[in-house]
Each structure stands twice: as C-alpha cells, then as structure tokens.
Amino acid sequence: MADDYAGLRPVRTLGLLGAQVAWYQGWTGRFSYTFVYSVLAVIGPATARFMPGVLLTLWFGSTVWAVYRIHLTSGRISWAKVALFAGLLCFATLETAPNVYQSLYWQTAALTHFVPFIPLSLFVGLILRPAGDDRKSLLHKFRLLCAC
C-alpha cells in the first residue's frame, strides 16, 4: 500500500520526465503506467483515496454508454434496463475478481488492471452501434468484427 504514496519522491528529485526515464530503464517498461502514476503523485497523496470512486464512476458511465449504444439496435430505449444492466456488468465483474482490494483499492494495481475496463467499454460502445438507418443485427456486426 505504500506504493500509492511513494511516487512523488522520484518526480521531485528527477523531474517528471527524468522520473519517466528512470522508471522505464530501472523498474518497468510500462511507460503509460509510470506517466499516469507520476501525474497522480504530483496532484497529491489524496488521489489514492479518491481513485477507486473516480474509476468506478468512469467505468460505470462508459458501460452505461456502451449498453445504451447496443440497446439502440433494438429500436426501443429503456433507461432503467440500460442502467440496471450496466450496473449488473460492473457488479458481476467486481464480484468475480479474485481480490477486489488488490484490483481496485490499491492504486498501483488499479492503474494496471482496472483502468483498461474504461476504454474497453468505450470501444464496445463505439463498435456495436446502429449504422444509421441500416440497422444490422449484433450477430452480423460481431461476424464482421471477427473477420478483421
């Protein structure tokens, strides 16, 4: 857990770019992770406390958008069903996680393992959407996606 609060020292001593180079060469090659971690460290140690709530909100919002876009293919929109299904997806994913503390509440692991759910949900909403007036079935779109 101390990892969540130890990111500011390298940034203060080496600068933001210097810390990126040092972490890339000496610790890990995950350059996007170390950059986000450094920016959060510069913002302050309170980010570790608020990060789980922010991540859950962003993930739920992107999942609602993805389910809404998929629901558009049926021609009828029920916001209650969209929100409930998105909440069910988020809950089921967290419920089946081996260790929620290490996946969501530990900032270092959350940036690695939890954050990708947000762009994944946005990607699903972008890909599985109705194509104008020509509304293809989800199965047909899935076949097109798999053929690429």
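**Entry 1: ground rules**
I call angles under 35 degrees roughly parallel, over 145 roughly antiparallel, 65 to 115 roughly perpendicular, and the rest oblique. The model I am reading is predicted, so local features need pLDDT of at least 70 and side-chain atom pairs 80 or more, while totals for chains, interfaces and linings use all residues. Residues are numbered from 1 along each chain as its sequence is written, and side-chain values use heavy atoms, without hydrogens and water.

**Entry 2: H3 beside H6**
I then listed who touches whom (heavy atoms within 4.5 Å). H3 brings Thr47, Ala48, Met51, Leu55, Leu56 and Trp59, and H6 answers with Gln107, Ala110 and Phe114. I sorted this contact by class and found seven nonpolar, two polar and no charged residues (nonpolar is Ala, Val, Leu, Ile, Met, Phe, Trp, Tyr, Cys and Pro; charged is Asp, Glu, Lys and Arg; the others, Gly among them, are polar).

**Entry 3: H3 beside H7**
Next I followed H3 to another partner. H3 and H7 have their axes 8 Å apart, at an angle of about 15°. That angle makes H3 roughly parallel to H7 as well. On the H3 side I noted Leu55, Leu58, Trp59, Ser62, Thr63, Trp65, Ala66, Arg69 and Ile70. Facing them from H7 are Phe117, Ile118, Ser121, Leu122, Val124, Gly125 and Leu126. This contact has eleven nonpolar, four polar and one charged residues. I marked Leu55 and Trp59 in my copy: both belong to the contact with H6, and both belong to the contact with H7.

**Entry 4: H2 across H6**
Which way does H2 lie against H6, oblique or roughly parallel? H2 covers residues 31-43 and H6 covers residues 107-114; they pack at about 140°, with axes 11 Å apart. That makes H2 oblique to H6.

Methods
Axes are lines fitted to C-alpha atoms, for helices over the stretch in contact, and angles run from 0 to 180 degrees between N-to-C directions. Helices (H or I, at least four residues) and strands (E, at least two) are DSSP runs, numbered from the N terminus.
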